[in-house]
Amino acid sequence: MTSKRDKERGERRGAESRERDTGAGDDEEGLSTSTRRAKWIHSVDEHEDRPGQTLATRNHDVICRWAEERRANPATVSSTEHGGRAGVLRFDFPGFGGENLEEIEWEEWFKPFDERRLVFLYQEHKASGEPSNFFRLDNPNREDA
């Protein structure tokens with residue numbers, strides 16, 4: 001028979017394991033279902049297990065590498081800045097429009113990314129194997145309508 005103490009110890013180990021796997025920690029409850037189900041990437045040496053897999057990270061090097069591989073530049077949507085900081089964060093992909101985007105430096109992009117505790121949700125490849133430009137920023141502090 002399992003004692004109450006053993007059960008609590010197992011629950012703690014399970015929570016610690018989930019936190020290590022996701023990297024989300026205390027913010028996990030506020031994250032979208034797709035982000036919680038994503039494979040978390042913690043370094044540029046980690047990659048998808050299969051094309052089309054949803055990946056998630058907060059690692060700056062991973063995000064920079066992903067963008068650089070697609071020749072995308074960090075950007076913000078014009079006129080969305082708040083208190084001298086970038087507002088809506090985006091990437092400017094060459095040849096894909098971006099008329100209302102203002103390119104910014106990585107430091108300017110990562111400052112609100114970190115302050116808002118955003119998660120970069122992305123794909124390396126589409127299910128077909130082609131490179132994917134899909135990304136979304138998930139905010140654990142958002143207020144759902």
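This is a predicted model: local features need pLDDT of at least 70, side-chain atom pairs count only at pLDDT 80 or more; totals for chains, interfaces and linings use all residues.
Residues are numbered from 1 along each chain as its sequence is written, and side-chain values use heavy atoms, with hydrogens and water left out.

Let's start with α4, which spans residues 106-115 (helices are DSSP runs of H or I with at least four residues, strands are runs of E with at least two, numbered from the N terminus). Trp109, Phe110, Pro112 and Phe113 are buried there, meaning under 20% relative accessible area with a 1.4 Å probe, protein chains only. They sit on the same side of α4, because they cover an arc of only 165 degrees around the axis (taken from the directions from the helix axis to the C-beta atoms). Their cover includes β2 (55-57), α3 (60-69) and β6 (119-122), among others. After α4 comes Arg117, with a positive phi near 55 degrees.

Now for the sheet. Three strands form an open sheet in the order β4-β3-β5, paired antiparallel; strands pair if DSSP finds at least two bridges between them. β4 and β5 (101-103) are at the edges with a single partner strand each, so one side of each has no neighbour in the sheet. From one strand to the next, the twist averages 45 degrees (axes are lines fitted to C-alpha atoms, for helices over the stretch in contact, and angles run from 0 to 180 degrees between N-to-C directions). Four bridges link β3 and β4, and Asn73 stands opposite Asp92 in β4.

The two parts meet where α4 packs on the sheet, touching β3 and β4 (contact means heavy atoms within 4.5 Å). The direction of α4 makes about 150 degrees with that of β4.

Note on methods
Buried means under 20% relative accessible area, exposed over 50%, partly exposed in between (1.4 Å probe, protein chains only).
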